[in-house]
Amino acid sequence: MSDSYAPRIRAALPDDEEELSHLDRVTWSPLHAVMPQPQPPYPPFFTDRHAPGDHLVAELNRRIVGYVRLGFPTPLACNAHVRQIQGLAVADEVRGRGVGRALIRAAVEETRRRGARRLTLRVLAHNTPARKLYESEGFVVEGVLPEEFFLDGAYVDDVFMGRGL
């Protein structure tokens with residue numbers, strides 16, 4: 001990745017709502033989405049469950065070109081040492097330029113900073129580009145739910161991946 005494409009990673013702000021909502025809609029794909037394609041009226045991007053502080057954004061030329069959403073896999077106190085990537089999106093026009101990798105690395109650092117011991121995620125088995133990226137950043141397959149989803153006319157496995165911090 002050349003320096004001209006090195007994204008600036010920062011915490012999301014409430015003012016990012018519209019830009020993130022738009023990015024979320026234009027990057028929707030059956031390759032990674034289990035929810036139907038968003039239709040108007042669009043729900044808010046930030047919610048009680050996913051506040052601005054749960055997101056890191058990637059900027060290029062002062063424009064948001066990606067985000068990663070971090071959350072807890074469960075509300076249980078005994079599971080509070082684990083964080084989970086609960087969303088990752090990169091604008092089509094910057095794919096292949098290291099934006100997703102920069103977001104994953106920032107997520108690892110941020111979850112470590114917050115005291116987590118593990119970072120996990122779920123990815124659809126047919127999403128080969130995402131799986132390769134996660135594997136290259138130290139995530140390993142920890143489990144598979146066969147045919148967990150029926151998407152776009154086919155059954156798709158749900159793959160659990162994780163890594164220590």
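Student: How do strand 4 and strand 5 pair, parallel or antiparallel?
Tutor: Strand 4 and strand 5 pair in the parallel sense, over four bridges. Two strands count as paired if DSSP finds at least two bridges between them. Strands are DSSP runs of E, at least two residues, and helices are runs of H or I, at least four residues, numbered from the N terminus. This is a predicted model, where local features need pLDDT of at least 70, side-chain atom pairs need pLDDT 80 or more, and totals for chains, interfaces and linings use all residues. Residues are numbered from 1 along each chain as its sequence is written, and side-chain values use heavy atoms, leaving out hydrogens and water.

Student: Okay, which residue is the bridge partner of R83?
Tutor: That's L119, in strand 5.

Student: What's the strand order in the sheet?
Tutor: Seven strands form an open sheet in the order 1-2-3-4-5-7-6, with mixed pairing.

Student: And which strands stand at the edges?
Tutor: Strand 1 (8-11) and strand 6 (140-151). Each has a single partner strand, so one side of each has no neighbour in the sheet.

Student: Switching topic: which residues touch the most other members of the largest nonpolar core?
Tutor: L20, I85, V99, Y134 and F139, out of 34 residues. Such a core is a set of buried (under 20% relative accessible area, 1.4 Å probe, protein chains only) Ala, Val, Leu, Ile, Met, Phe, Trp, Tyr and Cys residues joined through side-chain atoms within 4.5 Å.

Student: Which element gives the largest share?
Tutor: Helix 2, with six residues of this core.

Student: What is I85 in contact with?
Tutor: Leaving aside neighbours within four places in sequence, I85 is in contact (heavy atoms within 4.5 Å) with V68, R69, L70, I104, L119, T120, L121 and F139.

Terms used: Buried < 20%, exposed > 50% of the residue type's maximum accessible area, 1.4 Å probe, protein only.
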